[in-house]
Amino acid sequence: MQTVSRVADLRRAIGTARSSGREPVALVPTMGNLHAGHIALVEAAHSAGGLIVASVFVNPLQFAPGEDYEQYPRTLEIDQAKLAEAGVDLLFAPTEAEMYPNGDPGTRVRVEGLSDILCGAYRAGHFDGVTTVVSKLFNQVAPDLAFFGEKDYQQLVVIRRMAADLHMPVAVHGVPTMREADGLATSSRNQYLDADERRAAPVLYATLRSIADRVAAGESDFAAMASEGRARLTAAGFRMEYLEVRDADLRPPAPGTEIGDLRVLAAGWLGRARLIDNVPVSEK
Ligand code: AMP
């Protein structure tokens, strides 16, 4: 696996690969500190059968003031070994100056509406930071496909919307969430949990799963189930931001929405970790 930190080198390497027939080009964007969830994205990218480009960049623009930008774990050497092992061809690990050559981004990409609900209501500017950096990555790499985790379901919906609205020639693929044996979604932020919090953390998935199962079984009072779920998580030690049943595009379900199109999503704090998770109602 080759690692590059400059856009010019990235483009040269991809151009060479394309001209020797290594296509399609698949992109897996990450912030590093890689775990099994990221590797699942690389595995999904393998199914495209072409060149796999991964990126590692802790994007300052997507951290709201007071969030964990400074303390976010940076483990590039270990990440390189994991990506090479997973069969990634090319790693793009730019510096902040390379990604934002004029300092302040100046030009920002914003998906109206979808960026302001759910997580967006609690993380000012977060999704604008994500869409800005992902649009840069799409311009830098010019991938045919890009892979994102369903773990960050709102991010996936926002990026799909951005790509569609701006006619970006890239197919955005979602990959199901990887979980620890006890159901907790794998995440770099799990390492902020102490031992007691780690024991309590799987209640998040268990609560979402049980609501999704009740919806699948025909229960339809979403507000009541959500409020029960929030109470259960609060009792387990979470400081809840939201727990909601939404449709696949994150709208409140309209009467008659197909049960299989529904998803249960939540975010809350456990100690100093902000945990998010979501499950599709159709999943068993
Ligand atoms: P991050 O490095 O946290 O920005 O995540 C990079 C990509 O990996 C995003 O598309 C995430 O949705 C995805 N990802 C993170 N955790 C998981 C997980 N547990 N399962 C599947 N994908 C994940």
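Start in the loop between α7 (153-165) and β6 (171-175): select His167, which sits there. This is a predicted model. Phi of His167 is near 55°, a positive value in a residue other than glycine. Is His167 buried or exposed? It is exposed, with a relative accessible area of 70%.

Next, select Asn33, in the loop between β2 and α2. Its phi is also positive, near 55°, and Asn33 is not a glycine. Most residues other than glycine have a negative phi. Now check the surroundings of Asn33. At 11% relative accessibility, Asn33 counts as buried, because the cut-off for buried is under 20%.

Move to Glu23 and Pro24. A cis peptide bond joins these two residues, with omega about -5°. Most peptide bonds are trans. Pro24 belongs to the loop between α1 (7-19) and β2.

Now show the ligand. How many residues surround the ligand? The number is 17, and the closest are His38, Gly149, Asp152, Met178 and Thr186. Colour three elements: β2 (25-30), α2 (36-46) and β5 (145-149). Each supplies at least two residues of the shell around the ligand. α2 gives the most, with three residues.

Zoom in on the polar atoms.

- Select Asp152: a polar side-chain atom of this residue lies 2.6 Å from an oxygen atom of the ligand.
- Select Thr186: one of its backbone N or O atoms is 2.8 Å from a nitrogen atom of the ligand.
- Select Met31: a polar backbone atom here is 2.9 Å from an oxygen atom of the ligand.

Alone, the ligand exposes 480 Å², and the protein buries 93% of that.

Last stop: helix α10, residues 222-235. At 1.5 Å a residue, its 14 residues should span 20 Å; the end C-alpha atoms are 20 Å apart, so the two agree.

Which residues of α10 are buried? They are Met225, Ala226, Gly229 and Leu233. Look down the axis of α10: the buried residues fall within an arc of 100°, so they line one face of the helix. An α-helix has 3.6 residues a turn, so residues three or four places apart point the same way. The buried residues of α10 pack against α9 (203-216) and β7 (239-247). Turn to the face of α10 that points away from its buried side: the exposed residues Ala223 and Ala235 are there.

Finish at Gly237, which follows α10 and has a positive phi, near 110°.

Notes: Residues are numbered from 1 along each chain as its sequence is written. This is a predicted model: local features need pLDDT of at least 70, side-chain atom pairs count only at pLDDT 80 or more; totals for chains, interfaces and linings use all residues. Side-chain values use heavy atoms; hydrogens and water are left out. Helices (H or I, at least four residues) and strands (E, at least two) are DSSP runs, numbered from the N terminus. The expected span of a helix is 1.5 Å times one less than its number of residues. Buried means under 20% relative accessible area, exposed over 50%, partly exposed in between (1.4 Å probe, protein chains only). The arc is that of the directions from the helix axis to the C-beta atoms. Contact means heavy atoms within 4.5 Å. A residue is near a molecule or strand if one of its heavy atoms lies within 4 Å of it. A polar contact is a pair of N or O atoms within 3.5 Å; within protein, one must be able to donate a hydrogen and the other to accept it, and residues adjacent in sequence count only if both atoms are side-chain atoms. Accessible areas come from the Shrake-Rupley method with a 1.4 Å probe; for residues, only the protein chains shown count as cover.
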